[in-house]
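Colleague: Before I use these labels, I want to know what stands behind them. Take me through the assignments and the cut-offs.

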Amino acid sequence: MSPSSRRSRSVTRSSSGNDSEPDSRPHRKRPRTTHRPTMTINWREEIRQFLSYPSDSTDNAILDELERVRAELEKLRPLSSKNSAQASPLDYQVINHVQCEGSDMTELYLDDPWVVNSGPYEAHLRGSNQIHNLELYLERNKQMTFLVFREFECCGRHIQHSGSGIQAKDLLMNEYVSNISVGFRQALVELCDLAFQETVHPDFRNEGVNQIHHPYLWWFHGRPNIKEAELQISADSRLHLKIYQRYLNACLGDEWATVDQLRLSGNITAAYTHYLFVPEEICISTAKGRSTSFIEAFKSTDWLDLKTRCIPGTRWRFDGNFQKEDIEVTLTLPASLIEEFPIRQLSFYPAQFADEDEVVAIRKRGEMFWKCRHRKYVCYKGSELGGVSNMSDPRFMVDTMTFNQMHPPKPETSHIPNRDDLGPEIMSRDDPRLPDSFFMCLPTTIPGFNMQKKEWVTLRVGLIEDVKWNDEAFNLLVIDEETKELIQAVVTNRLRAEDHADMIHGKGNGLFILLHG
């Protein structure tokens, strides 16, 4: 039977009870009816005609051919699906996740939600183009290189005010990229290996990392290196990154341009302070004062938390040994979120925005602290200590080990005493060649013994100086040259005698010279 021949259908109406002859009339599409008469279809005849087999074919022959056709269809189905996916260009999709706390309902929408005057706070979210089955949606849209989830919460107690003034963006709680495709992940790996070596970023080699959270600060700070790196990666990876860049421009393009202008001018607003900080960067803290002797420094270890405005970091403490300690610093913000102010007015800010003189002073302070790690006789220029300002040249002995013996730490002290995070080999060096993350993050104070008042006081390291000995004092002594030579000979002989041990343990070789006139 040729493909152009009209197919006939053998149908037997159940009401007649008799087999009817094959209908030779041309087949016409039956109109849709509300009630169809019950009929019995001769499926063998239908399958035979579909396979274009002769009317005298056996059942086994028809079944064998049907099995062969089914096997061919199974082979062609993946190819058809692949061609369909290739036909659709790569893209991304924003999915709006709406959580209604009033009804405990969660819904997904492709279109942006809007606020309606409903619910306990007259601020309920509704949307259109709903996704009823996310897995089915993903199966039908395999061309999506990633999805963007925007999480909204409505009808909850977190709503600060009710009424018509609330917009959907006020109820946006979180936004992140998820469902990262294999191609997009490979593109991110290639890019990060080239452009983000010095910037903290998500580890995309880890298959468990399947979310990238807004506002994508790692990308913001790595932009200067991205364009050059994109030229060195594969064409397929560039396509995925172009789609991601298109999303970033639509979502954050205007905001990033505003932040760039503010940073160049040395200003910022409270709403954009999180763009200032990068992990593994030195920050300057003015919480205890803005004088260089009071300014502290620490190294941040993570991004600024947008909710708590806290940033974790590390700094160094000293109890005879150097110990690194973890801290958490809270950023103090002005009342206005939109008013511009100088970055240096923040309670702490990155060192790149500090004055060069401040950075140099903090670095020199750390170098002085390193000199004081062992016993050291110093001069002090501070005036905050009682009676020091009346002294022409106040001297102090810095000796932390002796101080700790006389003032042992309290048992409830949180840090572990005598822990050494540097090691004896580095401690023995006069020039340890350590980075700014060490020298600038050392303590700002150290205990010292007042040689005039015979008491322990707290010294600000930034005001400590080396003792400047007057090497010309003996030459200026008004005395005849013969006496000078005699005194010099006695002192020289005394210094040489110190090299020989006395037979009595602990017995010294004292020398007193009385000069008068």
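What follows is a short exchange on how the labels were assigned.

Modeller: First, the ground rules. This is a predicted model, where local features need pLDDT of at least 70 and side-chain atom pairs count only at pLDDT 80 or more, while totals for chains, interfaces and linings use all residues. Residues are numbered from 1 along each chain as its sequence is written, and side-chain values use heavy atoms, with hydrogens and water left out.

Colleague: How many helices and strands does the chain have, and what makes a run count as one?

Modeller: The chain has 11 helices and 22 strands. Both are DSSP runs, numbered from the N terminus: helices are H or I with at least four residues, strands are E with at least two.

Colleague: Why is strand β8 called largely enclosed?

Modeller: Buried means under 20% relative accessible area, exposed means over 50%, and partly exposed is in between (1.4 Å probe, protein chains only). Nine of the 11 residues in β8 (residues 144-154) are buried, so the rest of the structure largely encloses this strand. Across the chain of 517 residues, buried ones make up 36%.

Colleague: How do you know which strands pair with β8?

Modeller: Pairing requires at least two DSSP bridges between two strands. Strand β3 (residues 91-100) and β8 have 10 bridges, in the parallel sense. Six bridges join β8 to β9 (residues 172-178), and these two run antiparallel. Both pairs therefore qualify under the cut-off of at least two bridges. Phe-152 in β8 stands opposite Val-98. In β9, Phe-152 has Leu-172 as its bridge partner.

Colleague: What makes a polar contact with the side chain of Asp-91?

Modeller: The side chain of Arg-246, at 3.2 Å. A polar contact is a pair of N or O atoms within 3.5 Å; within protein, one must be able to donate a hydrogen and the other to accept it, and residues adjacent in sequence count only if both atoms are side-chain atoms. Asp-91 also touches other residues, among them Gln-143, Met-144 and Ile-243, not counting residues up to four places away in sequence. Contact here means heavy atoms within 4.5 Å.

Colleague: Which strands are called edge strands in the open sheet of five?

Modeller: The order is β21-β20-β19-β18-β22, with antiparallel pairing. The edge strands are β21 (455-460) and β22 (464-466), since each pairs on one side only. Inside the sheet, four bridges join β18 (residues 376-380) to β19 (residues 395-398). Val-378 has Phe-396 as its bridge partner in β19.

Colleague: What lies across β18, β20 and β22, and how is its angle defined?

Modeller: Helix α7 (residues 356-371) does, running at about 65° to β22. Axes are lines fitted to C-alpha atoms, for helices over the stretch in contact, and angles run from 0 to 180 degrees between N-to-C directions.

Colleague: Are Cys-155 and Cys-192 buried or exposed?

Modeller: Buried. Cys-155 is at 7% relative accessibility, and Cys-192 is at 5%.
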